[in-house]
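Here is a report on pockets, aromatic contacts and salt bridges. Keep the sequence and the structure in view while reading.

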Amino acid sequence: MDKDFKMTNINWYITNGNLRIKVKANSENTEIIGYDDAGKIVIVNVAARPEGNKANFEIIKYFSRLLKKKVRIKSGLTGKEKVLKIGN
């Protein structure tokens, strides 16, 4: 997927500085694979395993680079659905 396409679409999913994502850990690559318009959720494959917060760190690193902003996990540390807080 083209990076400009991802950025254009991903900004629509950020509401009040929050981004909802659904994660599939232990995938081949870390990448956005789709969008759920009804639930306003970004679907993401993550290459890292979920053990020891490795997948969470990979998510933070990926979205920080993609958005060029500080990112932290606001909720969902142990689940597949997470809310990311997007900062400046």
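## Aromatic rings

Y62 is buried, at 14% relative accessibility. Buried here means under 20% relative accessible area, exposed means over 50%, and partly exposed lies in between, with a 1.4 Å probe and protein chains only. The model is predicted, so local features need pLDDT of at least 70 and side-chain atom pairs count only at pLDDT 80 or more, while totals for chains, interfaces and linings use all residues. Residues are numbered from 1 along each chain as its sequence is written, and side-chain values use heavy atoms, with hydrogens and water left out.

F63 is buried too, with a relative accessible area of 0%. The ring centres of Y62 and F63 lie 5.2 Å apart and the planes stand at 90°, so this pair is edge-to-face. The rule covers rings of Phe, Tyr and Trp (its six-membered ring): they pair if their centres lie within 6.5 Å, and planes under 30 degrees apart count as stacked, over 60 as edge-to-face and the rest as tilted.

The structure holds three aromatic pairs. One of them joins W12 and Y13, which are edge-to-face at 4.9 Å centre to centre, with 85° between the planes. Y13 is buried, with a relative accessible area of 4%. W12 is partly exposed, at 48%. W12, Y13 and Y35 form one aromatic cluster.

The charged end of K40 sits over the ring of W12, 4.6 Å from its centre. For this, NZ of Lys or CZ of Arg must be within 6 Å of the ring centre and within 35 degrees of the ring normal.

## Salt bridges

How many salt bridges are there by this rule? The count is three. The rule asks for a side-chain nitrogen of Lys or Arg within 4 Å of a carboxyl oxygen of Asp or Glu.

| E81 | R20 | 3.8 Å |

Helices (H or I, at least four residues) and strands (E, at least two) are DSSP runs, numbered from the N terminus. E81 is partly exposed at 42% relative accessibility. R20 is partly exposed at 37%.

E58 and K61 both lie in helix α2, three residues apart, about one turn of the helix. E58 is partly exposed, with a relative accessible area of 22%. K61 is partly exposed at 40%.

R49 is partly exposed at 45%.

## The largest pocket

About 210 Å³ of space lies in the largest pocket. A pocket is an open set of points on a 1 Å grid over the protein atoms alone, where a 1.4 Å probe fits, with protein on both sides within 12 Å along at least five of seven lines; lining residues have an atom within 4 Å of a point. Grid points are joined across faces, edges and corners, and the volume is the space filled by probe spheres set on the points.

The lining consists of V23, K24, A25, P50, N53, A55, N56, L77, T78, G79, K80 and K82. Strand β2 (18-24) and helix α2 (54-67) are the elements that give two or more residues to this lining.

The lining residues divide into five nonpolar, four polar and three charged. Ala, Val, Leu, Ile, Met, Phe, Trp, Tyr, Cys and Pro count as nonpolar, Asp, Glu, Lys and Arg as charged, and the others, Gly among them, as polar.
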